[in-house]
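This briefing is meant to be read beside the sequence and the model.

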Amino acid sequence: LLNQGRDGALYGTTEFGVPGATTQGLGTIFRQPISGANVLLHQFTGTDGQYPTGGVTLASDGNFYGTTSNGGLYNFGVLFKITSIGAFTVLYNFSGGSDGGIPLSSPIQASDGNLYGTTTFTNSVGVSTIYQYVPSTRILKTIHTSDFTHGSGFLTPPLQASDGTLYLAAEGGGASFCGSILGLTLAGAVLESHSFPCQPGGATPGPIIQANDGNIYGTTQQGGNNGGFNSTIFELSAAGLQVLYNFGTVTSDGSFVLAGLTQGTDDNFYGAAALGGAHNAGSLFELTSGGTYSKLYDFLQRQNPTYQYPQAAPTQHTNSFFYGVTTYGGRNALGQVYRLSQGLGSFVTFVRAQGKAGSQAQILGQGLTGTASVTFNGVPAAFRIVSDTYLTATVPAGAGSGRVVVVTPSGSLTSNKNFNVQ
């Protein structure tokens with residue numbers, strides 16, 4: 001995944017690199033400006049971790065947090081912190097025991113300010129974990145160890161919903177052993193579990209998001225009505241799990257969707273298929289809120305391997321464009337960063353989309369210099385302009401949950417999601 005920073009640039013990781021004559025490298029962290037050359041921030045050496053696969057997460061302290069799947073003191077991966085200028089710190093070395101190991105995704109920052117993430121491995125076969133890391137004490141603890149009844153195999157980041165519930169997509173386990181969606185407290189207690197049928201209906205869910213309607217959406221790698229690697233797009237609502245679209249319904253619409261979804265400012269969902277499309281190199285797609293599917297782009301066969309294999313959904317930047325990465329393809333056959341335009345407008349978004357009255361909301365955007373006002377669901381707020389791409393605002397007393405509007409010299413910018421006043 002790519003993540004927008006306070007400076008307006010995009011930040012991410014590569015699993016390998018820097019490539020050399022005798023080694024493919026152990027992974028990197030990079031900054032991609034919206035215009036200009038890619039900047040290498042950190043190159044992994046093994047002792048500080050290796051093979052980062054999950055990108056990085058921007059936290060409220062302005063730093064980015066992520067994991068590596070291997071390397072570190074015990075060779076089971078590390079949790080790390082890095083600044084926007086590349087100052088790198090290992091925070092925790094996973095041991096593969098009860099604390100888990102081989103984390104494949106970056107953690108999230110929850111409403112309590114702590115980091116929550118997943119690991120794929122423990123010393124018990126098939127068992128994965130959910131951890132909590134408290135930055136103030138630098139203590140990591142396991143809050144949930146998976147079981148096959150509720151679901152196991154946590155490959156993707158947690159999601160904290162607006163009601164505070166922590167949701168996880170489990171690759172396996174559940175009633176049919178084809179995966180599930182779990183809801184937990186921040187202490188790790190299971191509140192609910194929703195199992196996927198193997199087929200039809202989906203299997204092996206990827207990353208999940210909460211949309212503006214309050215429901216949870218995502219994709220499965222396989223299990224659709226059309227067999228094979230024909231994936232699905234699903235919704236979890238009060239009515240339960242429901243398939244919205246079966247890949248393979250339209251010729252060359254894409255297959256093997258690993259990436260999950262992004263909700264755009266038009267309320268439609270955007271995603272990437274790792275394979276399929278007109279050239280069997282992957283595709284980009286859109287699903288409207290009403291369930292209508294459209295293919296947006298077919299990746300071309302460039303270099304070897306011929307497929308480009310996007311494994312993450314595109315991220316919508318506050319400048320309106322969608323940005324994403326491919327695993328292969330591009331000029332050097334080692335992947336590329338791409339941009340997709342859907343003709344949408346600029347907007348503002350949040351580092352964390354929740355807070356109490358009196359707390360500081362951190363707002364990302366473009367052209368914020370000269371901002372005249374900030375309102376939370378119509379209530380004016382005190383604010384401070386930090387840069388052209390970042391400002392802070394005090395959540396005003398009496399404001400309810402809703403959209404935030406920032407009035408700039410070039411016009412009004414509305415947030416892409418509600419700010420949840422706790």
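In which strand does threonine 67 lie? In this predicted model, threonine 67 belongs to strand S6, which covers residues 64-67. The points below start from that residue and are grouped by topic.

**Threonine 67 and its surroundings**

- Threonine 67 has a relative accessible area of 2%, and it is therefore classed as buried, the cut-off for that class being under 20%.
- A polar atom of the threonine 67 side chain lies 2.9 Å from the backbone oxygen of serine 105.
- When residues up to four places away in sequence are not counted, threonine 67 touches Pro52, Thr53, Val78, Leu79, Phe80, Pro103, Leu104, Ser105, Ser106, Pro107 and Tyr131.

**Strand S19 and its two partners**

- Strand S19 (residues 232-237) is largely enclosed by the rest of the structure, because 5 of its 6 residues are buried.
- Strand S18 (residues 216-222) is joined to S19 by 5 bridges in an antiparallel arrangement, and within this pairing isoleucine 216 has leucine 236 of S19 as its bridge partner.
- Strand S20 (residues 240-246) also runs antiparallel to S19, here through 6 bridges, with isoleucine 233 standing opposite tyrosine 245 of S20.
- S19 and S20 together make a hairpin, in which 2 residues lie between the strands.

- Strand S22 (residues 269-273) pairs with strand S23 (residues 283-287) over 5 bridges in the antiparallel sense, and tyrosine 270 stands opposite glutamate 286 in S23.

**The sheet S28-S30-S34-S33**

- Another open sheet, also of 4 strands with antiparallel pairing, has the order S28-S30-S34-S33.
- Strand S28 (349-350) and strand S33 (383-387) are the edge strands of this sheet, each pairing on one side only.
- Strand S30 (residues 360-364) and strand S34 (residues 390-394) are paired over 5 antiparallel bridges, in which glutamine 362 has threonine 392 of S34 as its bridge partner.

**Nonpolar cores**

- In soluble globular proteins, nonpolar side chains tend to be buried together.
- The largest nonpolar core of this model contains 18 residues, and those with the most contacts inside it are Ile363, Val374, Phe376, Val404, Val406 and Phe419.
- Two or more residues of this core come from each of S30, strand S31 (373-376), S34 and strand S35 (404-408).
- Phenylalanine 419, leaving aside neighbours within four places in sequence, is in contact with Phe350, Arg352, Ala353, Gln354, Gly355, Ala361, Phe376, Val395, Ser401, Gly402 and Val404.
- Another core, of 14 residues, lies apart from the largest one and has Tyr11, Val351, Leu364 and Tyr390 among its members.

**The chain as a whole**

- The secondary structure of the protein chain consists of 37 strands and 0 helices.
- The protein chain is as compact as a globular protein of its length, because its radius of gyration of 21 Å is close to the 22 Å that the globule rule gives for 422 residues.
- The C-alpha trace spans about 55 × 50 × 50 Å along its principal axes, and 54% of the 422 residues are buried.
- Of the contacts between residues at least 6 apart in sequence, 44% join residues at least 24 apart.

Note on methods. Residues numbered from 1 in each chain as written. Predicted model: local features only at pLDDT ≥ 70, side-chain atom pairs only at ≥ 80, totals over all residues. Heavy atoms only, no water. Pairing = 2+ DSSP bridges. Buried < 20%, exposed > 50% of the residue type's maximum accessible area, 1.4 Å probe, protein only. Core = buried A, V, L, I, M, F, W, Y, C linked by side-chain atoms within 4.5 Å. Contact = heavy atoms within 4.5 Å. Polar contact = N/O pair within 3.5 Å; in protein donor to acceptor, adjacent residues only side chain to side chain. Rg over C-alpha atoms; globule rule 2.2 N^0.38 Å.
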